[in-house]
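Visitor: I am new to this structure. Please pick out a single part, look at it closely, and then follow on from there.

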Amino acid sequence: MSANIVKISPGFEEIMPEDYRNLVKDGPYGRGLDVDKLGTFKELIEEHPLCAGCGLALSLRLILASLPNPEDTVIVGTTGCNSLSFSQVAIHNIHSLFGNQNAVATGLKRALKIRFPQKAKDVVVIGGDGGIGDIGLGMVMHSWFRREKITTIMLDNESYSNTGGQESGMSCEGAVLNMAPTGKKFPKISLPEIARDAGCVYSATITPASPKRLGKVVKQAILIARELGPTYVQIYCPCPTNYKFKPQESLKRAKEKEKDGSYPIKEYLSPPAKEFVEGLEVVNKPR
Amino acid sequence: MIEQKVIEQKIVEPEEIFFKARREKQFITGSEAVREAIKRANVDMAVSYPITPQSESMHLVGDIYAQGYLKDYYRGEDELGVMSAVAGASMGGVRVFTATGGPGTLRAFEMFPTWAGARLPVVCAFFCRGVNSPLTIQPDTIEIGFMLDTGMLIFHAETAQDLFDMILKSFIIAEKPDVHLPIGVFADGFFVTHTRELVEVPPEDIKLPSYNPYMSPVPVMDMETPPVRQMRDPFVMKSNFISYAAHASWQQEVRAAGERARKHIKKYLGGFLETENEDADILIVASGTAASQAKEAIIRAEKEGIKVGLAKLKVLRPFPAEEIRRLVKNKKAIIVPEFNITGWLAREIKSVIEDNSRVVGAPRVFGGMTMPVELISNEIKKQQEALNECKYS
């Protein structure tokens, strides 16, 4: 499918909302765009309800602009702030329960493989740190153990923000949050390393303060998953509402944490993934 | 090693496979009846997770996957994972099957209203078992009571033959565009799964037509069908009147879809219930293997000169309220034997009939015991004696 996915029935062009018409005329389907081109096309997300300064909102926008194949991508989400924005995303997406997203994605990916064996249909999980690192961790890891060809992207705001700022496994040790009234008692979960050991062929951390790099990481993760096996991307998404800083400081905080190493930026590629990515770069290099 | 063979099956109309094709008798267990049903059901994908007494049925489905009857099959991480994967696969537009029972049903419970709410035509077999604690692996139908209000359609098999027919027919009923809801086919663990009986099955070289996801009343999640609608299930989180109304009307629609299933159930299952001796004053209403025990008690009662009727319920959702009301109209006593402590069937019957003091919610056995026919016979005698007293006093 290319732009056909959003085509308007003949005769209805005039009564469709302008946003929809823009999506048909100038959406990213089938055009191979990325974050570099943001602002030059109609984006896949419109009028999200997330807070001012929300790190998730910015990351989601960057992720959606980096999908290598939006016209054949299905997103599986889970409960969380980010899930509230998915009804504003112009791609098929599924919200099932809290934490079961990787199991749903497994069934979906296998179903699409049965129905479209010759076609690349990307299944991308996008969830928060609660859904991926806590309540859903078992199902996330099992999808990695089984080597399901799906990409899991964590929007890590280091708390259960949607339910009011409770501590999560991804909160830093000592953080005072609801349900951690005297500070969190154990360190942040090392999920990128766990991902690698559990079978991910690619695992990376990133922040939206480096948009081009974020775009590259997301694109790579999805392309590798399509060919080789599970991939994991963890994005630091500062939460001004629950960590109580000014909305305009989000990016500054992400930059600082990136710089001082308190949010280590890492990338792991398995040898086959490395070979695959090098092949991609050769293909993409201008002649 | 499973014997590999090339499977060549011809697709035939459901009516052909259900009613017309010549059937052969096989002496098989309930678990094997599941395998035979899935062989002929043109299922694309199955996901399994072991739990007694269900495990064998899904082993056998795995065996026929190895033989080429299904396109995909794997063992999931736990029951919630399995029911989630089945949901994802169904949203992706394929026909899916799984089975569980007892504690597995409860571990996966959040998914069942989710299946119904997302209008997924999943077919799942539930092999009833007591739920913890204390631990038991024995049969007990308490889980059906929990499942009645999930929005799923609920069938209850008495025998391996029922199980075979109900599973096979469920796919066609579940996938009707005006229904498009999940169906749970329940059978009593061990009593049905692990015992052998003669089951009549159509030839294995024919199968049902495949599922057409584009006949679904809700969009298939494959990015193929314009215009795009993002969510498979309505996602209504705002606190405003429109959101409340949208959610409420969706719940009503799910229930209405269950009501619309009635005509298809009548056509394919031949009705909601089977009856014996409809004119007797005393009626037993039962489902599952409680109906088998009731049939035996009726034979014994006849020898003692007491005529007793039976209504065996095959379908619990949608509940056959009208049929039961009509049947109990002139009854003096309605005996409801059950394999659980809560008496969910007696409660259901009481809720739909007039003068529900006629309903005798007994005998009940639970914790995995078999139901001695004597218990039902004693109840029959007690009711007959009460009727005699009324007559002569």
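Guide: Start where the two chains meet: eleven residue pairs are in polar contact between chain A and chain B, both residues of each pair being at pLDDT 80 or more. That threshold applies since this is a predicted model. On the chain A side, five elements each supply at least two residues to the face that touches chain B: strand E1 (73-77), helix H3 (81-85), strand E2 (93-95), helix H4 (101-115) and helix H6 (137-145). The largest share of that face comes from H4(A), with ten residues. Sorted by class, the side of chain A that touches chain B has 23 nonpolar, twelve polar and eight charged residues.

In total, 43 residues of chain A and 41 residues of chain B take part in the contact. The area buried between chain A and chain B comes to about 3400 Å², and carbon and sulfur atoms give 65% of it. Three residues, His92(A), Ile114(A) and Arg115(A), supply 20% of the area that chain A buries against chain B, more than any other three residues.

Charged pairs also cross the boundary. Side chains of opposite charge can pair when their charged atoms come close. Five salt bridges are found across the interface of chain A and chain B. In a salt bridge between Glu77(B) and Arg146(A), the distance from N to O is 2.9 Å.

Salt bridges are found beyond the interface too, and over all chains the structure holds 45 of them. Within chain A, Lys42(A) and Asp19(A) meet through their side chains at 3.6 Å, N to O. Lys42(A) sits in the loop between helix H1 (18-26) and helix H2 (55-66) of chain A, while Asp19(A) is in helix H1 of chain A, and the two are 23 residues apart. Lys42(A) has 13% relative accessibility and therefore counts as buried, whereas Asp19(A), at 33%, is partly exposed.

In chain B, Asp178(B) and Lys263(B) form a salt bridge whose closest N and O atoms are 2.9 Å apart. Asp178(B) lies in the loop between helix H8 (160-174) and strand E8 (183-188) of chain B and Lys263(B) lies in helix H9 of chain B, so this pair ties together parts that are 85 residues apart in sequence. Asp178(B) counts as partly exposed at 22% relative accessibility, and Lys263(B) counts as partly exposed at 47%.

Another such pair is Glu278(B) with Arg326(B), where the closest N and O atoms are 3.8 Å apart. Here the loop between strand E11 (273-276) and strand E12 (282-287) of chain B holds Glu278(B) and helix H11 (residues 321-328) of chain B holds Arg326(B), so parts 48 residues apart in sequence are tied together. Glu278(B), at 38% relative accessibility, is partly exposed, while Arg326(B), at 51%, counts as exposed. Salt bridges with shared partners also join Glu158(B), Asp162(B), Glu274(B), Lys295(B), Lys312(B) and Lys314(B) into one network.

Next come the rings. Over all chains there are twelve aromatic pairs. Phe18(B) and Tyr268(B) make an edge-to-face pair, with centres 5.5 Å apart and planes at 85 degrees. This pair links distant parts of the chain, since Phe18(B) belongs to helix H1 (residues 14-20) and Tyr268(B) to helix H9 (residues 241-269) of chain B, 250 residues apart. Both Phe18(B) and Tyr268(B) are buried. Tyr65(B) and Tyr73(B) form a stacked pair, 5.7 Å centre to centre with 25 degrees between the planes. Tyr65(B) has 31% relative accessibility and so counts as partly exposed, but Tyr73(B) is buried at 18%.

Phe109(B), Phe112(B), Trp115(B), Phe126(B) and Phe186(B) form one aromatic cluster. Two of these residues, Phe112(B) and Phe126(B), are in contact with Thr105(B). Thr105(B) lies in helix H5 (residues 103-107) of chain B. With 0% relative accessibility, Thr105(B) counts as buried. Its side chain makes a polar contact of 2.5 Å with the side chain of Glu143(B). Neighbours within four places in sequence aside, the contacts of Thr105(B) also include Thr100(B) and Met147(B).

Methods
Residues are numbered from 1 along each chain as its sequence is written. Chains are lettered from A and ligands numbered from 1 in the order in which they are written. This is a predicted model: local features need pLDDT of at least 70, side-chain atom pairs count only at pLDDT 80 or more; totals for chains, interfaces and linings use all residues. Side-chain values use heavy atoms; hydrogens and water are left out. Contact means heavy atoms within 4.5 Å. Buried area is the accessible area (1.4 Å probe) that two parts lose on being put together, summed over both. A salt bridge is a side-chain nitrogen of Lys or Arg within 4 Å of a carboxyl oxygen of Asp or Glu. A polar contact is a pair of N or O atoms within 3.5 Å; within protein, one must be able to donate a hydrogen and the other to accept it, and residues adjacent in sequence count only if both atoms are side-chain atoms. Helices (H or I, at least four residues) and strands (E, at least two) are DSSP runs, numbered from the N terminus. Ala, Val, Leu, Ile, Met, Phe, Trp, Tyr, Cys and Pro count as nonpolar, Asp, Glu, Lys and Arg as charged, and the others, Gly among them, as polar. Rings of Phe, Tyr and Trp (its six-membered ring) pair if their centres lie within 6.5 Å; planes under 30 degrees apart count as stacked, over 60 as edge-to-face and the rest as tilted. Buried means under 20% relative accessible area, exposed over 50%, partly exposed in between (1.4 Å probe, protein chains only).
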